[in-house]
Amino acid sequence: MNRYPRDMGGYGANPPDPKWPGGAKIAVQFVINYEEGGENNVLHGDKASEAFLSEIVGASAWEGQRHWNMESIYEYGARAGFWRLHRLFTEMDIPVTVYGVATALARAPEQVAAMQSAGWEIASHGLKWIEYKDYTIDDERVDMHKAIALHEEVTGTRPTGWYTGRCSVNTVDIVAEEGGFAYVSDSYADDLPYWYEHDSGHQLIIPYTLDANDMRFATPQGFNSGDQFFSYLKDSFDALYAEGEAGQAKMMSIGIHCRLLGRPGRIQALRRFMEYAKSHADVWFAKRIEIADHWHNNHAPEHHMSRPTHMSQQEFIDHYGSIFEHSPWIAERAFDDELSPAHNTAIGLHSALTRKFRSASENERLDVLKAHPDLAGKLAAAKRLTAESSAEQASAGLDALTQEEHATFTRLNDKYTEKFGFPFIIAVKGLDKNQILSSFKQRVENKRDREFETACKQVERIALLRLKDILP
């Protein structure tokens, strides 16, 4: 099987109503990343100094050396920036989730005590603030378990939320496998939480953000001033709030770093945004664990029938081999092609099947056309139609024709088949007898090439309607 693991479909055009508490039109969630003291540093056993997310834009790692300026920038976050943020959030009475690097938390007893006194959630941000892309899955797993153990030592409780940030392709699977996390945030794929399927069940993903994030003060072409940061947050809030008013409420995540937004020239932008957001009705300010609990309680993962991409070849053909009339070879070819979670819907699977029909030879497509029965013809009279065709013809009243109507259909069927070499095909769902007859009389006058393509389009439409009866 050729299975593409990424889900490019998501919730699609109609995301679910999150049913935020109190009918809120938006959930606003602030994250403070506490990384100071957990960053790359030879003092921590790392090979080089830190080079990421500081005032030194474009910094390089100094192998085997301490970087005094970089260290002092991180120290500012712990010594001054954290407390400036702490005062603002407690003054505004807005809840916070901390992504706490375990080794950084261990070096910050007063800051941890202040977080806990304020009732903030402390989620895990890994063992150290380092890059995991080149780690083996076993080594990354070892660091995750060390992070959990150290987090519990420092805070008194194990973390129930996880965000590595500088993650690997294995991170989410390792978190899911561990089994003790209410959510993982190593994803930027949506504006709503969603369920991730893995071997042992479902793991809740609460997506994070890299755009509404003060990290862009430390990146090329990022925010140059607090006004730019405020403007971006305000525009994001306004767009999502409007969607909530229209019945499609979302979540807004805001990422903060003590050494970045904790600077006096930037924090006023955060204050202005807080005041702006609080001036609106129906805004839920929440910790990520509260969002996770809400999603677990109100949007449990759905256990559908076996999804198309999870089926064996025989199951797939049994379920979808008759979507194109008496032509299971189309399903066989689609099964062997690239399929992804986006093909688990009616529209998605229709795309996969139809591609095989369209890329088939003209003779193969002609065989599909010939496999369709005449409308109200001999097979219908003998009750030898497929279950799908029987239901479709019955929906248009073609199973209850008068003697005169039956004679008309027989005459048209004979004329059409003799001219084109295949039966008249039309997606009858939603049509009545008169509309079908009108189309029949019009199309029988077509040129052969035009009618061949018209009939093929009708076959594709019939397939879509059949899939919509059995898939979301």
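In the predicted model, the second largest cavity is lined by Glu39, Asn40, Asn41, Ser49, Glu50, Gln65, Arg66, His67, Met70 and Glu71. The space in this cavity amounts to about 30 Å³. Its lining divides into five polar, four charged and one nonpolar residue. A search of the whole structure returned two cavities of 30 Å³ or more.

The largest cavity has a volume of about 60 Å³. Its lining is made up of Gly126, Leu127, Tyr132, Glu140, Asp143, Met144, Trp162 and Thr164. Helix H4 (residues 137-155) provides the largest share of this lining, with three residues. By class, four of the lining residues are nonpolar, two are polar and two are charged.

Among the open sites, the second largest pocket has a volume of about 310 Å³. A total of 22 residues line the second largest pocket, and those nearest its centre are Glu388, Ser389, Glu392, Ile462 and Arg466. Two or more lining residues are contributed by each of helix H14 (387-395) and helix H17 (448-468). The largest share, five residues, comes from H14. The lining of the second largest pocket comprises eleven nonpolar, six polar and five charged residues.

Glu36 lies in the loop between strand E2 (26-34) and helix H1 (68-92). With a relative accessibility of 3%, Glu36 is classed as buried, because the cut-off for a buried residue is under 20%. The side chain of Glu36 makes a polar contact of 2.9 Å with the side chain of Arg259. Apart from its neighbours within four places in sequence, Glu36 is in contact with Tyr74, Gly77, Ala78, Ala104, Cys258 and Arg259.

Aromatic side chains were then considered. A pair of aromatic rings is described by the distance of the centres and the angle of the planes. The count for the structure comes to 31 aromatic pairs. One of these is formed by Phe237 and Phe273 in an edge-to-face arrangement, with 6.0 Å from centre to centre and 80° between the planes. This pair links distant parts of the chain, since Phe237 belongs to helix H6 (residues 226-245) and Phe273 to helix H7 (residues 264-278), 36 residues apart. Phe237 and Phe273 are both buried. A further pair, Phe420 and Phe422, is stacked, with a centre-to-centre distance of 5.9 Å and an angle of 25° between the planes. Phe420 and Phe422 are likewise buried.

Phe237 and Phe273 also belong to an aromatic cluster.

Terms used. Residues numbered from 1 in each chain as written. Predicted model: local features only at pLDDT ≥ 70, side-chain atom pairs only at ≥ 80, totals over all residues. Heavy atoms only, no water. Helix = DSSP H or I, 4+ residues; strand = E, 2+ residues; numbered from the N terminus. Buried < 20%, exposed > 50% of the residue type's maximum accessible area, 1.4 Å probe, protein only. Polar contact = N/O pair within 3.5 Å; in protein donor to acceptor, adjacent residues only side chain to side chain. Contact = heavy atoms within 4.5 Å. 1 Å grid on protein atoms, 1.4 Å probe; cavity = no way out; pocket = protein on both sides within 12 Å on 5 of 7 lines; lining within 4 Å. Points joined across faces, edges and corners; volume = space filled by probe spheres on them. Nonpolar A, V, L, I, M, F, W, Y, C, P; charged D, E, K, R; others polar. Phe/Tyr/Trp six-rings, centres within 6.5 Å; stacked < 30°, edge-to-face > 60°.
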